[in-house]
Structures are given as structure tokens and as C-alpha cells.
Amino acid sequence: RVLIDGLVIEVPAGVTLASDRGREGSPGALLFSDELKTRPLFQTAGSDVRFSGLRLRGPDPERRLDHHRRSYSGGSRERNQEHYYSLPTSDGVRALHDRLSVDNCELAGWSHAAVDLRRGDDHVVRHSFLHHNQRQGLGYGVCLDVASATIERNLFDWNRHSIAGTGRPGCGYVARHNVERGVSLSHCFDMHGGRDREDGTDIAGTRMVFERNTFLGTALSIKLRGVPEESAHVEGNWFSHADALHSVRGGERLSLGENAYGLTEPAVKSGR
């Protein structure tokens, strides 16, 4: 039905979809789609929807590097985009309303985003394992459009960006106590800027906080591709790189507090 009817499972307001992941060794119920065009599998039909203790498996855990190269090897931007998106994309859970909660879940194999926060505020993604969401050009563990979220105590690995935002006004997040295990096609935590959207601005979201996260890989940890409307603050994180210059990129309204750098005997240093 996902293929033929374009089925999207809509979850009503206030409903919890739950299983027993972690209880007495249970992996949790497995909900999945094998159809490349799954946009999305689940979608909120109201506020306060919760997914807990589940495994959500998408159809495409691959990087698709050859497809990306073929798509952008020449020609006009419109033709390149058309070729790129001729390979369908997939999303796991999409939020269109406030306060989506995803906790104690494993989400993998979604070529666009495992958790796609299109609209709404006060979303929470916590205590989950998000991995192998990594199609080149897309590939997000958590993606935000005009939405805000707290993303905490998660384990990330094998994503292109573990967290990404479109950077439009109203887009922002707090990322804290997460562990980035190390394999990534690009920088780990992201916020797009106006240049990416081609909207004539340099806006990169509204407000971001990055605190007490651990980054174990060689990829750049945090990158803001413009200027946030309010602020972005980086404090109390442990970066595998030797210094702030190789860990965080951004411009105005980005502030760095004390963070630790290096994989062994980390020295706590001020970003200034």
C-alpha cells in the first residue's frame, strides 16, 4: 500500500505507539517499509504523539555516492536536481504538530530523515539510536524545518548529518548529552543558511544550544552555515579534534564556552 496507494499512517493527537525495547533484552517491535518512496511511514495528525520502545527501519541505508556523482556531474541545476530526485526518498516519522516525542527507539535506513520535524514546537528526541540514515545530499537522523526540538541522550552513527536544520526563521534546537560515535559523510550537527535556501538572507535558524555532547569521529562536529537570528552557544562538549577551529564552524552570534578537545586526556579550553 505504500507503493500503490502512497499510504501514510497518521497517528492521532495524544496517541502513544509503544513496544518493549530494552526490557529483558527485547529489541522492540519492528515497524518497517521496503518501498524506496516512503514519504513518510508515520505522520502526526495532532499534537502530543509519542513513539516509544520501537524499531523503525527504512528501505535504504546506503550512501548512494555514485548516484550523487552522476546527478551533479554537469548540466543545469534543474536537470541535476531532477536526476537526483528520480531516486525516491524516505522518511520515518514526520511531525506537523507540536510536541512529538520519540524515545528509546532505534531508527535506521531512512534516506531523507529518520525523524522529520516539519512543523511544531517542543519536540523531543531522546534515549534513541539513530544510524545509517546517510544518502549523500540528504541523510539526516533528525531534520528540522520550521520547528524546534530538544535532542538529548541519543547515540548517532553512520548518518550524513545526525542533526540538520533548514535554517528558516523558527528553526532551532537544543542538542545535549548526545554521543556521535564517529562515522559520518559530512559534519555531524548542522544548520543551513540563507545561501543554501537561496532566499537572499544569511539566516541560519533562530536559536541553537550545543552542550555536553561527545564527538568521537574525524568529521567536523558542528557547522552553522549562516547567522542565527538570536544565538548559538557551544559549552561543555568533548571534541575529538585538537582545538575549536577544527571542531566548530560558524560566524556571528556563535559563542564558545569551555569545551574539551582531543581523544586522550582531554584538556578543557575556552572557545575564546
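Predicted model: local features only at pLDDT ≥ 70, side-chain atom pairs only at ≥ 80, totals over all residues.
Residues are numbered from 1 along each chain as its sequence is written, and side-chain values use heavy atoms, without hydrogens or water. Local features need pLDDT of at least 70 and side-chain atom pairs count only at pLDDT 80 or more, whereas totals for chains, interfaces and linings use all residues.

Pockets were searched on a 1 Å grid over the protein atoms alone. A pocket is an open set of points where a 1.4 Å probe fits, with protein on both sides within 12 Å along at least five of seven lines. Lining residues have an atom within 4 Å of a point. A volume is the space filled by probe spheres set on the points, which are joined across faces, edges and corners.

The largest pocket holds about 810 Å³ of space. Its lining comprises 27 residues. Tyr85, Gly137, Leu138, Tyr140 and His192 lie nearest the centre. At least two lining residues come from each of helix H3 (77-84), strand E10 (113-126), strand E12 (140-152) and helix H4 (194-197). Helices (H or I, at least four residues) and strands (E, at least two) are DSSP runs, numbered from the N terminus. E12 gives the most, with 4 residues. By class, 7 lining residues are nonpolar, 9 polar and 11 charged. Here Ala, Val, Leu, Ile, Met, Phe, Trp, Tyr, Cys and Pro count as nonpolar, Asp, Glu, Lys and Arg as charged, and the others, including Gly, as polar.

The second largest pocket holds about 170 Å³. Among its lining residues are Asp122, His123, Ser148, Tyr173 and Arg207. E10, E12 and strand E15 (172-176) each give two or more residues to this lining. The lining has 4 nonpolar, 6 polar and 2 charged residues.

Tyr140 belongs to strand E12. Its relative accessible area is 6%, so Tyr140 is buried (under 20%; exposed is over 50%, partly exposed in between; 1.4 Å probe, protein chains only). Beyond neighbours within four places in sequence, its contacts (heavy atoms within 4.5 Å) include His112, Asn133, Arg160 and His192. His112 is 28 residues away in sequence, yet the C-alpha atoms are 6.0 Å apart.

A nonpolar core is a set of buried Ala, Val, Leu, Ile, Met, Phe, Trp, Tyr and Cys residues joined through side-chain atoms within 4.5 Å. The largest has 48 residues, and Phe51, Tyr173 and Phe189 have the most contacts inside it. E12 supplies the largest share of this core, 5 residues. A second, separate core has 6 residues, including Tyr84, Leu138, Cys143 and Ala164.
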